[in-house]
Amino acid sequence: MNRQQSLEHLQRAPVWDLLVVGGGATGLGVALEAAQRGWRVALLESHDFASGTSSRSTKLLHGGVRYLAQGNLALVREALAERQAVLKIAPHLAQPLPFVMPCYQPWQAPFYGVGLKLYDWLAGRAGLGPTRWLGREQTQAALPGVQALGLRGGIQYWDAQFEDARLALAVARSAEVAGALLLNCVQVRGIEAGADVQGGRVLRVQALDRHGGQRLQLQARCVVNATGVWVDQLRQGVQPEAPPLVQPSQGVHLVVARDFLPGQQALLVPRTADGRVLFAVPWLGALVLGSTDTPRTDLPREPEPFEAEIEFILREASQALARPVRRADVRSVWVGLRPLVAAPAAGGSTQALSREHRIVVDPAGLVTVTGGKWTTYRAMASEVLAHGVAAGLLAPRPALDHPLTPLFGAGEANAQAHADANEAAGANAALTHPALHQAPGLHLYGDQAAAVQALPGAERALGMGLTEAMVRYAVRHEWALTVEDVLARRWRALFLDATAAEGMAAAVAAIVQDELQRAGAPHTDPGLQAFVALAQRYRLN
């Protein structure tokens, strides 16, 4: 369907079994599993899919090395199993990645090494490779560009990385194939309890199409509030006395050139001067440095870094790397708000708050889910649906026969070949696929690459690997409505190099506008000026 058809279909349905509010990792995961299990599902996202926290991660699928220190072994074990599942269902967007922890003190190697061996043990058969101790020369070979002064050796362990925004799109398109109806740029404005014509309990939902201006009236047996850091706003609109579920935390990431750490492995500093963790992760031809963990009380759509956070990352990265990192080296800075589950009377540091999720069913029938992380989105989705069934909001349905069905773009054959190669040759086999540390290219579309190439403009390069055909594909098949949708999430130009993204914006805008006009969209402004202003906020200079 095109967008207008989807809007009409959304309102024609008398009562949806399930309406998901929020198009991040959690909401998309709920919509996908619900549709696969046969419920009638719609999902509404107020802005763009993954435009909040879910496109602003550190790009890691991980069990959580630092959660070992907190003693949360159950969380680590679950995340490690889910890490393996995502690797199997989206091999073009999620791949194993070796990490090296350089050691400068004699106690570091045995102390951290024992913890990482426990990490291996908790992973069990889902492990990606064994932890091993490296000598000084081996560490320098694995991390060219690491600070050599005082280096004694290092510890190598395995985790995984992914492309978060495109993984969200793969989940969204998989949900669509399974029968769900998904729309971005549709904001839920109100929810109230009601009854259908037979007297059964429903929730009435008022929404606004922010793209075309149309007001929508919907009904659903079950509504899932999966709006991330904004869940309390929606929940308290239904139940004003409800206590807050979220204590937001801000994470900042700086992007610099790969030549600061030109190898194919990531660097981990397990304990910085203030007790945080620092990563230097090769990603899409660049190097991501981060992250911070700073409490924040306001909830802007585009949070900006605090000066102290920028200085912290620059200082710690300069100590970890042989070459100091300066403000002028930063090509892009992005900030994500984490929806951490609030502790009673929580305040101060957010570092000790749980990274687990929480699900609450209110008396009115609204199911709210918050917390968690990308790695465990599938497990969270299953639990949300189980709560809906237990509360009598959803009719029982059998569990999935094939829970590891490849996501859209992976393809059965591609995913199976990846799984077979991994089993036969270990984690390094995955690195024979186009690696996610390479510059972005056609390989990120998986088995849809031919469909992209078939569109007009396949040979017209716009910069940073993006072509005219890719922009047309984004509008026709991936819900893109604006320049920002394309250059921030369908293609990660804004997150990799804000200046280069700004330079590409006018050409992208012309293509987006052409596609919207061809589709007969009521609103065809691609938001060029808004994107230019946004790109300037992603620069430090």
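Arg40 lies over the face of Trp16, 5.4 Å from the ring centre. Lys59 is placed over the face of Trp283, at 4.9 Å from the ring centre. These values come from a predicted model.

**Aromatic pairs**

- Across the whole structure, a search finds 14 aromatic pairs.
- One of them joins Trp374 and Tyr377, whose ring centres are 5.4 Å apart; their planes meet at 80°, and planes over 60 degrees apart count as edge-to-face, so this pair is edge-to-face.
- Trp374 and Tyr377 are both buried.
- The rings of Tyr445 and Trp491 have centres 6.2 Å apart and planes at 15°; planes under 30 degrees apart count as stacked, so this pair is stacked.
- Tyr445 sits in the loop between helix H11 (412-425) and helix H12 (449-453), while Trp491 sits in the loop between helix H14 (483-490) and helix H15 (493-496), so the pair ties together parts that are 46 residues apart in sequence.
- Tyr445 has a relative accessible area of 4% and is buried.
- Trp491 is buried as well, with a relative accessible area of 1%.
- One aromatic cluster is formed by Phe99, Tyr119, Tyr157 and Phe279.

**Nonpolar cores**

- The largest nonpolar core contains 95 residues, and those with the most contacts inside it are Leu18, Leu466, Leu487 and Leu494.
- Helix H16 (residues 498-518) supplies the largest share of this core, nine residues.
- Another core, of 29 residues, lies apart from it; among its members are Ala142, Val146, Leu289 and Val335.
- Which residues is Leu466 in contact with, leaving aside its neighbours within four places in sequence? They are Arg460, Ala461, Val471, Val486, Leu487, Trp491, Met504 and Val508.

**Helix H7**

- Helix H7 covers residues 164-177, which is 14 residues.
- Is H7 mostly covered or mostly open? It is mostly covered, as 12 of its 14 residues are buried.
- The buried residues of H7 include Asp164, Arg166, Arg173 and Ser174, along with Leu167, Leu169 and Val171.
- Glu163 caps the N-terminal end of H7, with a side-chain oxygen 3.4 Å from the backbone nitrogen of Ala165.
- Just after H7, Gly179 has a positive phi of about 115°.

Conventions. Residues numbered from 1 in each chain as written. Predicted model: local features only at pLDDT ≥ 70, side-chain atom pairs only at ≥ 80, totals over all residues. Heavy atoms only, no water. Core = buried A, V, L, I, M, F, W, Y, C linked by side-chain atoms within 4.5 Å. Buried < 20%, exposed > 50% of the residue type's maximum accessible area, 1.4 Å probe, protein only. Helix = DSSP H or I, 4+ residues; strand = E, 2+ residues; numbered from the N terminus. Contact = heavy atoms within 4.5 Å. Expected span 1.5 Å × (residues − 1). Polar contact = N/O pair within 3.5 Å; in protein donor to acceptor, adjacent residues only side chain to side chain. Phe/Tyr/Trp six-rings, centres within 6.5 Å; stacked < 30°, edge-to-face > 60°. Lys NZ or Arg CZ within 6 Å of the ring centre and 35° of its normal.
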